[in-house]
Amino acid sequence: MDSLKFKLEAMKKILLTTISLLLFSLTIYAQQENQFCGTRVPNDAWENEFQKLISDYKINQRNKKQSSTIYTIPIIFHVIHSGQPIGTYPNILQSQINSQITVLNQDFSGNGYNSSNYPSNAFINWVINQTIPTANIDNNGRVKIADVGIQFCLATKDTLGNILPEPGIDRIDYNSKGWTNPNTFATQTTLANYLNGTIKPQSIWNVTKYLNVWVSDKNSAISYLGVATYPPLSGLTGLVGAGTDLTDGIWCYTKAIGSNNLYPSGIYGSQMVEGRTLTHEVGHYLGLRHIWGDGACVTDYCDDTPPAAAQNVGAPSYPLNVGSCSSPTNAPEGEMFMNFMDYPWDPYKYMFTIDQATRMQTAMLNSPYRNQLGTHGLCSAPLAINDLNFNDTISIYPNPTANQINIQTSNGILLDKIIITDLTGKKVVEQTQNTNQVSVEKLATGIYILIGYSEGNKFQEKFTKQ
């Protein structure tokens, strides 16, 4: 009996210890993944002027004097490190940054990771009750997931016109600059002052040609993962949060850059990182506000985003916080936590709306630091997406090809599924037969990405259609 009692007590201790460790791990996991943002809220003068520009944009669209434009923004990532070899944190690999570009292009084209999880009845009553325009509604009667009409590439040239050895990357050893380690600054204010007073002015590239993104380590006491500047507007100076020629752009925590789904070998804060921090901050950079309006049920100036009482974090489910706002009411569907301008963990947000797209298109058309982006020949399709083959066990032939491609795997296995996307991340072919051949005869000439799946493995390779 004593022996049995001893065993039961031992098992109880083991079980309690296991539960305690699990709860501790989940707490740390959540702390790593709450995507707080340090972007400052623009003042009324900025918003009032921006609203005039949005109104003009909509009027010109109705009168067919203005149509939505497809923009391509070149990005330069300033990777801040202290002399570590490439691939050693925080001096991350090109492949991790490539995966981030892919995320941006998918998210801004409306087919990002987990967008298929959008509930079939999402916000249908909101659409009806608020008389949302038809253009903002999808075929199911929901608030539509927008194709923003903005894409991104890794810049191919530096400010002197030289071809970059690593597309879109400017690696900076802060020791060689005499700078302080960014992770020594333990408050949002001190880090922001350091970025705006030292790092940005001494490393920024022409803000009318490049979206500057600074990537660095941070102190664990700082909860936010990214900070962006709002688009400046002509005739308005001294605005809160707007970029200048010495500060315009985005800062992100290194471990929030890239996608675990696309590049699992990267260095991330946790397994939940899917590149949505930069998607969120680019939204600010192009004129978007948080969906709760940075107050309790305050407007974000987008009629197709229901009001929210505050930010949402973690892993919410639909519907969320039904009735949290009353004027107008967000009942019976609650808050749009899946919007990129909220704070849930990366896999739980996957959409912009049409009104948000209109704000971003307006910024690209009117802001003096936005309306020249993509017009300087700094993007090239073959270089914009560098080698996306994250696994050496697949090869494609012939490449280039005109009609058909054959896929060879190292162990001769047949692929369960083959997906082909263009460089924006848009799916153009899906094949589920167990075969390692796929027809590309109907595809337009260009560069494509083939993604193959087999036995839980994922393979990627780039090819050219002639």
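Which residue's side chain does a polar contact of 2.8 Å join to that of Arg289? The partner is Glu47. A polar contact here is a pair of N or O atoms within 3.5 Å; within protein, one must be able to donate a hydrogen and the other to accept it, and residues adjacent in sequence count only if both atoms are side-chain atoms.

This is a predicted model, in which local features need pLDDT of at least 70 and side-chain atom pairs count only at pLDDT 80 or more, while totals for chains, interfaces and linings use all residues. Residues are numbered from 1 along each chain as its sequence is written, and side-chain values use heavy atoms, with hydrogens and water left out.

**Arg289**

- Arg289 sits in the loop between α7 (276–285) and α8 (354–366). Helices (H or I, at least four residues) and strands (E, at least two) are DSSP runs, numbered from the N terminus.
- Arg289 is buried, at 8% relative accessibility. Buried means under 20% relative accessible area, exposed over 50%, and partly exposed in between (1.4 Å probe, protein chains only).
- Leaving out residues up to four places away in sequence, Arg289 touches Val41, Pro42, Glu47, Tyr230, His284, Asp300, Tyr301, Met341 and Arg359. Contact means heavy atoms within 4.5 Å.

**Disulfide Cys153–Cys379**

- The count is two disulfides, each defined as a pair of cysteine sulfur atoms within 2.5 Å.
- Cys153 and Cys379 form one of them, with their sulfur atoms 1.8 Å apart. The link is left-handed, with -75° about the S-S bond.
- This pair links distant parts of the chain, 226 residues apart. Cys153 is in strand β3 (residues 150–154), and Cys379 is in the loop between α8 and α9 (381–384).
- Cys153 is buried at 2% relative accessibility, whereas Cys379 is partly exposed at 30%.

**Disulfide Cys297–Cys325**

- The sulfur atoms of Cys297 and Cys325 are 2.0 Å apart, and the two residues form a disulfide. The torsion about their S-S bond is about -90°, so this disulfide is left-handed.
- Cys297 and Cys325 both lie in the loop between α7 and α8, so the pair ties together parts 28 residues apart in sequence.
- Cys297 is partly exposed at 28% relative accessibility, whereas Cys325 is buried at 2%.
- Counting bonded cysteines along the chain, the disulfide pattern is 1-4, 2-3.

**Cysteines without a disulfide**

- The closest cysteine sulfur to that of Cys37 is in Cys252, 9.2 Å away and too far for a bond. Cys252 is in no disulfide.
- Cys37 is buried, with a relative accessible area of 12%. Cys252 is buried at 1%.
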